[in-house]
8 protein chains.
Amino acid sequence: MSDSVADLIDRLHEEAALDHPDEETPDVGIVMGSDSDLETMMTGGERRGAYDAFVHELDFAEQTNYRDSPDERFTFETYVTSAHRTPDLMTAYADTAEERGLEVIIAGAGGKSADLPNMTASIAYPLPVIGVPVQEKSVDSVIGMPTGAPLVAVDAGKSFNAALSAAQILARQHDAIRDRLVEYHEELRESVGTVSQELHDGGTPLFQDRG
Amino acid sequence: MSDSVADLIDRLHEEAALDHPDEETPDVGIVMGSDSDLETMMTGGERRGAYDAFVHELDFAEQTNYRDSPDERFTFETYVTSAHRTPDLMTAYADTAEERGLEVIIAGAGGKSADLPNMTASIAYPLPVIGVPVQEKSVDSVIGMPTGAPLVAVDAGKSFNAALSAAQILARQHDAIRDRLVEYHEELRESVGTVSQELHDGGTPLFQDRG
Amino acid sequence: MSDSVADLIDRLHEEAALDHPDEETPDVGIVMGSDSDLETMMTGGERRGAYDAFVHELDFAEQTNYRDSPDERFTFETYVTSAHRTPDLMTAYADTAEERGLEVIIAGAGGKSADLPNMTASIAYPLPVIGVPVQEKSVDSVIGMPTGAPLVAVDAGKSFNAALSAAQILARQHDAIRDRLVEYHEELRESVGTVSQELHDGGTPLFQDRG
Amino acid sequence: MSDSVADLIDRLHEEAALDHPDEETPDVGIVMGSDSDLETMMTGGERRGAYDAFVHELDFAEQTNYRDSPDERFTFETYVTSAHRTPDLMTAYADTAEERGLEVIIAGAGGKSADLPNMTASIAYPLPVIGVPVQEKSVDSVIGMPTGAPLVAVDAGKSFNAALSAAQILARQHDAIRDRLVEYHEELRESVGTVSQELHDGGTPLFQDRG
Amino acid sequence: MSDSVADLIDRLHEEAALDHPDEETPDVGIVMGSDSDLETMMTGGERRGAYDAFVHELDFAEQTNYRDSPDERFTFETYVTSAHRTPDLMTAYADTAEERGLEVIIAGAGGKSADLPNMTASIAYPLPVIGVPVQEKSVDSVIGMPTGAPLVAVDAGKSFNAALSAAQILARQHDAIRDRLVEYHEELRESVGTVSQELHDGGTPLFQDRG
Amino acid sequence: MSDSVADLIDRLHEEAALDHPDEETPDVGIVMGSDSDLETMMTGGERRGAYDAFVHELDFAEQTNYRDSPDERFTFETYVTSAHRTPDLMTAYADTAEERGLEVIIAGAGGKSADLPNMTASIAYPLPVIGVPVQEKSVDSVIGMPTGAPLVAVDAGKSFNAALSAAQILARQHDAIRDRLVEYHEELRESVGTVSQELHDGGTPLFQDRG
Amino acid sequence: MSDSVADLIDRLHEEAALDHPDEETPDVGIVMGSDSDLETMMTGGERRGAYDAFVHELDFAEQTNYRDSPDERFTFETYVTSAHRTPDLMTAYADTAEERGLEVIIAGAGGKSADLPNMTASIAYPLPVIGVPVQEKSVDSVIGMPTGAPLVAVDAGKSFNAALSAAQILARQHDAIRDRLVEYHEELRESVGTVSQELHDGGTPLFQDRG
Amino acid sequence: MSDSVADLIDRLHEEAALDHPDEETPDVGIVMGSDSDLETMMTGGERRGAYDAFVHELDFAEQTNYRDSPDERFTFETYVTSAHRTPDLMTAYADTAEERGLEVIIAGAGGKSADLPNMTASIAYPLPVIGVPVQEKSVDSVIGMPTGAPLVAVDAGKSFNAALSAAQILARQHDAIRDRLVEYHEELRESVGTVSQELHDGGTPLFQDRG
């Protein structure tokens, strides 16, 4: 077995045994099948991603050390766990997720055989898993789980929405997250109102000529 | 305005004002676009549905009177709220959902313009909404929400899984639900193990000849 | 509630109460789900849009102030009313449309969950609504309305044709519009005839070498 | 040339020359590519059709003799005009439609080459034409008209909605039709309200056991 | 009616009345729905087109004057006849085709409503018509003719093959064309043989390094 | 090598050497990939087939003995030549087709890998080959020939139209076939005219009540 | 953990430790995601399956006891190992496959998330795995493996061909299997030859009238 | 017949007669339909190809002279054999493959009529053939072989995986290939482990800022 993968598997099992208090463990685990999915899953891609939603809209922090949590109350962590190149790492991650204190997993994969979200959901059960098809052609594979094997999916490439959905789940217990969700939405609404008024009152040509 | 719809809208607003304790309000609201979706959404259709999952696997009860909750701790309620024939009822339901004490909404609709889950999610925000495309051709319309408008979807017709996913969300706060989810899954696993052993050890022809 | 959206909703209801004469209200209301749909819906995109058809081919003017109509007899107005970010603005627009004197609505939206045309048609009923799928993937969602919920659709991105269709509806009452439609079509025919003759009589290589 | 087709073409041109008053000519012309489309287009098929909408919901009558209109004020007529087997009949019908006093045409065709609605719209221009794809596989061919050639489409097989849309167009001039449209919709709404209340208040099993 | 189109229609009917000998009339008529289809249909596009096949491989000439045929024995002519913008020109072309001495028609159109090949085949019957879907999305509309209405189709954009097929039809009567077809094919075969040998005997890297 | 296939291959080569006069050889060769395609290709299936067109509409006869032609002037013959189970028989048939006096080949195959029409066209070149996709899923494989390899296709399952198209090709040389094609079409037209008149003049309900 | 699954996992690991000679272990392992896939994967379904190919055409036997091999030299074994309900059983099977002496695995699964073949291939690597999509909608998920993760696929439901392909792999080492493959193919060829001759020489009507 | 193709056919038959020992003949034959497929099939395209897998990962050499094998024990050879332009060369290659000592064939073709892999598999039977659809639109044609005609397929454009699969087949007899396959996979695993650790421990922004 290759060392770096074995090291990660050992680490995950050790952390699962630590029994950290909920406040110090990551609330959301984000896994993806390849680091080439990073822009779509997190930030910097064609659309805003989960990182943008969590960090810039919802005041979460990224936890990079399981044993040393950031000051922010709500956190997420990020791993690459390939279903086809490292099935044992994927299994270990899903297997230890609940014990490691995660409340929700966001799992994204591309290609037509986007097995990572599905397998993660099957193994991490009964933790809720939100699947993100990284490409349009990944939608069918991610959403098509058989009866008895729950997974919920968002649209292709919309990891930003997956983060909002994860926050909606956490918000059932944490009013602070609910407040941030509401605040984000009001800003979104306000921006529509402003644009609509400008377009209507100025007329189409003037609106298109705005800087 | 037609009377029965106006009556329901009034009722929902009155209930929202009641401020019932969480234990007495339905935990899950199930809405569908038409009573022709009932078998797919609840029970008796091609596959097992949300009713089967909640009542037969997870010990939930259906709450038919908001003011008089059943003995079971966990409950769901069921309404038809058509996006295209009764947009005001759909709006009233989504608008009052959080105040009426719901924790999750399962919304199902068929056809290619399956707008009910999407509109319900947009209005009931920040409550989590699980969309059920009632037909294969409804999947795109249900899953395709724009960035900033969260909704999670299950596969076409799989309201049973939507119920499991709703329970996974509630289980973050309620260990009793988590235990029922685990128990259900072990039964499922056990049935695979039994069948696998019978098939292998008896051989294909013998297995096919079983009653 | 955000101020700009609330302001717009109030404005729409006030205008609906004004009881302006038909000649002074916009004849066509154009709504879109996002200002990113503007080029496809109006002008400046890959194809000519509704603005080009109305202003450059049919002598309509854009009315930017409901209380102060332009000199041109026939007008349209333009708003952004997002189904998922501002469902209440969308509802208010559709609800007041007939009272505000509109005769036809053109509603465009992109994405796979293109709910705006459908919800606008359901609420503005019995006003005719022409749906414009802003992207190819929006066609199914826009055209797929259930029996009893009328909406007519044009092809993906063809807001120019939606404007022609709206004019065809208005032309049943207004001969001036009918005349403009016929005139536009003759120009179109003439240009085919000219090109066909040039191609045939000059031959393919010569035709391709034209400036 | 075959006699029966030539006879019909002659008849259409003669009627066009008659200059009947609007009240006595059919308001809506319904054409279909084959009599095998009749159930989908009119009545008796999988869904309710245009005949059901016009006759049973909107008080129109079918006019079977151009020279002798029925007592009802609003009427439609029905013809088979195949684009591929009788292109000259199709052309004659579309060519004479406006002169024969039609206000809207509903044109339906099946198959992948559903050319009838498109050609009818191109020739009958500037009359509005509502295309009905008789099969799912006809949708693309019907909706895909090029820029400059307006046609509006409804979903596959939904001739009932095409009739409602035609009535919405006529209702811009005729309050009686508008009133019937509203009345129909209120009945539709009321039926949703009743079913929703029964389902919720009785619960799923009781509702399914209704006769 | 616009002059240039009317002129062309008159011209076609006059030519049909001339009764020219077969050797002097165009053998193949090429029509397309728009001059924007020219590169795909003739030459200069992504692939080689009908012009390339006829002129460069099969020794045909383009006939640009019906009354004055080129020296080459075999010829084709080219027109734009839009089904939706000039249905009467399309009809006149197809109607007069056999009388004008054409043996085969190649008809190409783009978009999802590619009606030109179908209508041309229906009207020009019993002349054989080869349909060219100018875009991938035009294939269904072109190939889907109903039983009793023959048209043969080639793949999207492959007007080059349509020309070869037209030549195969003409070759049943004209050995000179058959010989040119065989000669063209041998060159094609030879080029495969040469490349195959170079690739195999040189190996992949060397082959890729060829100029 | 299996005897029956080898026998057929020998027979085809012997017949090719006979140098029969054109009047005595089959004009059209019909091949299909499997005898399970017979109903779709010939007669007795969901739609009328090539046998129905040739024998019942166009006065062709089926030639079952190459050395002894039927009295009818125009004939076709029928073989099963599977591309995947008997590639050598398929090759021999295509290779000898022109020498055996065939003028056109109609080749049908089902499945997603419908290689028979394509390979037959490539080998029988320069004979024209009309491909019939036996199933909808065979269309892409049949129509998608590369540039330089001509084959013309009809729609899925429409062997009737393939027969008409083959007859259109033969009609360029044989007026008798042209006359039969015209006669068939007039009957088709007449039946549309009759039905259209009955539907319109009787009205929809009466028409539906016809026996 | 459920007992029957744990028992099977233990059993597989014990067998892997046995070090049986190749002649006594199953040559092919067949796994499927559910016993509802049995008819498609093995025998008795719409098409002939892997059981039919192995037992009736290629003289393999089904081995139902790992420790007691049948008399036949070549054998296969059959298990249900669900990716989503029993991921640990699936993992154990794939993990021990090479040590248990298997040479090829045939893995079939249905649904849109057909993960079993893919995960089995990833874990059993470097054993060759042939994936069988049990339904048409499973094809994409099965075939779409990323670069570096080999799996070969057959068409939807064609487990018969998967068995032939597995035999082709084994035939590289075992002439007896090669001989059986050739013999099977000659029978197949012979049946085409016989049918082709009967159809041609008898003519279509006679052939259709055969019992 | 063209010379270069005839020469190659002669060469293949002569080599088949040589009876070279297995160690000196190519183990894998790679054929493609056109030299435009070379980058996808071998090296230098969007993804790594078969050449990269064989030469850079698995220590194979390309054999460019059948009579003079390279020093490396395991080799492949490369030919262009077009199904539609050189069916006789394709047939000759497949026909002689087993006698020329090949153990597996990898056959790739593009377009919708990707017949080369299918025909090669049918003729080279019982040699195993791995089909590579060169484009996404080639997948259906390659995978859809009828029952009784085995071919295994990889995903569109994944010739790299086809090479791994071919090596998996050869590895059943050759431990050296098995070892190289395992070594390659461990490197792949290791790279995932390294990236996963870097991403998690550094956090998303730091990871994205890596050179």
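Student: How far apart are the closest C-alpha atoms of chain B and chain H?
Tutor: The model is predicted: local features need pLDDT of at least 70, side-chain atom pairs count only at pLDDT 80 or more, and totals for chains, interfaces and linings use all residues. Residues are numbered from 1 along each chain as its sequence is written, chains are lettered from A and ligands numbered from 1 in the order in which they are written, and side-chain values use heavy atoms, with hydrogens and water left out. No contact joins chain B and chain H; contact means heavy atoms within 4.5 Å. Their closest C-alpha atoms lie apart by 21 Å.

Student: What distance separates the closest C-alpha atoms of chain C and chain F?
Tutor: Chain C and chain F are joined by no contact. Between their closest C-alpha atoms the distance is 21 Å.

Student: How much area do chain B and chain A bury between them?
Tutor: Buried area is the accessible area (1.4 Å probe) that two parts lose on being put together, summed over both. Here 54% of it is on carbon and sulfur atoms. In chain B, B:Y125, B:Q168 and B:R172 lose the most area to chain A, together 20% of what that side buries. The total for the two chains is about 3600 Å².

Student: How many residues does chain B give to the contact with chain A?
Tutor: Chain A gives 39 residues. From chain B the contact takes 39 residues.

Student: How many salt bridges cross the interface of chain B and chain A?
Tutor: A salt bridge is a side-chain nitrogen of Lys or Arg within 4 Å of a carboxyl oxygen of Asp or Glu. The rule applied across this interface gives a count of six.

Student: Which side chain meets A:R172 in a salt bridge?
Tutor: The N to O distance is 3.6 Å. The partner sits in chain B and is B:E98.

Student: Which elements give two or more residues to the side of chain B that touches chain A?
Tutor: Helices (H or I, at least four residues) and strands (E, at least two) are DSSP runs, numbered from the N terminus. The elements of chain B are α6 (139–143), β6 (152–153), α7 (159–171) and α8 (175–202).

Student: How much area do chain G and chain F bury between them?
Tutor: The contact takes 24 residues from chain G and 29 residues from chain F. In chain G, G:R189, G:V192 and G:H200 lose the most area to chain F, together 32% of what that side buries. Of the buried area, 52% is on carbon and sulfur atoms. The two chains bury about 2200 Å².

Student: Which residue of chain F forms a salt bridge with G:D201?
Tutor: The count between chain G and chain F is four salt bridges. In one of them, the side chain of G:D201 comes within 2.8 Å, N to O, of F:R11.

Student: Which element gives the most to the side of chain G that touches chain F?
Tutor: α8 (175–202) and α9 (204–209) of chain G each supply at least two residues. The top contributor gives 15 residues and is α8(G).

Student: Why does the pair E:E98 and F:R178 join two chains?
Tutor: The closest N and O atoms of this salt bridge are 2.6 Å apart. E:E98 lies in the loop between α4 (87–96) and β4 (104–109) of chain E, so the pair joins that chain to F:R178 in chain F, in helix α8.

Student: What distance separates the end C-alpha atoms of helix α8 of chain F?
Tutor: The expected span of a helix is 1.5 Å times one less than its number of residues. For the 28 residues (175–202), that span agrees with the distance in the model, 40 Å.

Student: Which residue follows α8(F)?
Tutor: Its phi is positive, near 90°. The residue is F:G203.

Student: Where is E:D59 found?
Tutor: Most residues other than glycine have a negative phi. Phi of E:D59 is positive, near 65°. The residue is in the loop between α3 (50–57) and β2 (61–62) of chain E.
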